[in-house]
Amino acid sequence: MANVTIKDVARVAQVSVATVSRALNGHGNVAEEVRNRVFAAARELRYTPHAAARSLSSRRTQTLGVVLPDLHGEFFSELMRGIDQAAREHGLHLLVSSYHGDPEEQGAALRAMRGRVDGLLVMSPYMEAPAVLDDSLPMVLINSQCQGESVAALGVDNYGGAFAMVEHLVMCGHRRIAFIAGPAGNFDAHERLRGYREALKRFAPDAESWVVPGDFDEASGHRAGLALLDAAQRPDAVFAANDMMALGCLFAFAHAGVQVPEDVALAGFDDIPMARYVRPSLSTVRVNISELGARAARMLIARLAEGVVVAPQPQALTPELIVRESSASRRRADA
């Protein structure tokens with residue numbers, strides 16, 4: 001249908017033009033049933049708002065900015081899937097940038113977003129928070145140490161997830177539990193290492209901490225696996241700070257003829273989609289990554305909506321222990 005206007009959408013949805021405008025702009029003061037009716041009418045009529053006109057009339061770009069440390073790998077793919085889903089629910093677009101783990105590039109990416117987006121979703125994993133806070137734009141931080149009075153934050157209980165996995169491995173009879181750590185200076189990695197150490201201290205007080213460096217990618221997991229194979233005595237179990245390193249370690253073990261879990265148990269963190277399809281399937285700590293992205297986006301959209309105030313207190317998702325084949329107890333493995 002040519003030249004479809006907002007009045008046509010209002011007529012089909014049987015609401016006022018103002019209601020259509022509020023629904024399409026993601027405002028919070030629209031009932032969900034009415035919002036769904038408006039979106040259904042817009043789809044039926046193939047209505048596309050004029051972006052320039054919307055921006056001039058509302059002083060909004062109808063765009064959310066997303067600034068991430070990287071775009072490579074299943075974690076970021078799942079995170080973006082959740083963010084995109086929430087943005088599409090509200091008729092919003094995304095402007096995405098990666099700073100490749102460089103704090104200076106992060107600042108440049110944030111500056112480039114000004115004037116182009118209505119709000120920002122920022123993942124800043126550094127232990128020493130860079131200057132990402134900007135009062136000129138509403139912002140939600142994801143998995144970040146940074147906090148501010150005007151900034152909302154959403155993260156994951158990394159410490160609790162790691163603590164639960166070590167308890168599981170100890171209950172399975174493992175005592176020499178090696179940990180493949182994440183990058184130095186990374187907040188998630190720091191919390192997972194802290195959870196490993198404190199759980200080991202509580203549940204296996206006679207066991208020694210055994211930490212091998214890693215960098216959250218498959219290659220560093222493979223290197224850590226090779227280093228563990230060269231040790232004078234192999235570990236009973238290996239807990240990698242994320243699934244990508246666990247998969248790299250699994251490859252090193254398989255190539256050396258070391259069987260998992262018969263010879264060494266193995267576990268990861270995140271529950272990326274690949275974790276359930278490798279053999280043996282990987283025990284891990286499940287983070288609903290797409291839900292993390294979707295919830296962060298909805299928090300930001302709520303902050304942008306008229307009359308809606310989101311408390312800036314940090315929120316945390318509780319991860320779930322997922323036990324699969326790779327972490328069988330020593331009794332089962334010996335059998």
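Mentor: Start with a contact (heavy atoms within 4.5 Å). In H2, Thr 19, Val 20, Arg 22, Ala 23 and Leu 24 meet Val 34, Arg 35, Val 38 and Phe 39 of H3. These residues divide into six nonpolar, one polar and two charged. Ala, Val, Leu, Ile, Met, Phe, Trp, Tyr, Cys and Pro count as nonpolar; Asp, Glu, Lys and Arg as charged; the others, Gly among them, as polar. This is a predicted model: local features need pLDDT of at least 70, side-chain atom pairs pLDDT 80 or more, while totals for chains, interfaces and linings use all residues. Numbering starts from 1 along each chain as its sequence is written, and side-chain values use heavy atoms, without hydrogens and water.

Trainee: At what angle do the axes of H2 and H3 cross?

Mentor: Two packed helices are described by the angle and the distance between their axes. Helix H2 (residues 17–24) and helix H3 (residues 32–45) cross at roughly 90 degrees, their axes coming within 9 Å. That makes H2 roughly perpendicular to H3 (65 to 115 degrees). Axes are lines fitted to C-alpha atoms, for helices over the stretch in contact; angles run from 0 to 180 degrees between N-to-C directions. Helices (H or I, at least four residues) and strands (E, at least two) are DSSP runs, numbered from the N terminus.

Trainee: What is the strand order of the open sheet?

Mentor: Strands of a sheet pair through backbone hydrogen bonds, either parallel or antiparallel. Here six strands run S2-S1-S3-S4-S5-S11, with parallel pairing (at least two DSSP bridges between two strands). S2 (93–98) and S11 (315–317) are the edge strands.

Notes: Parallel < 35°, antiparallel > 145°, perpendicular 65-115°, else oblique.
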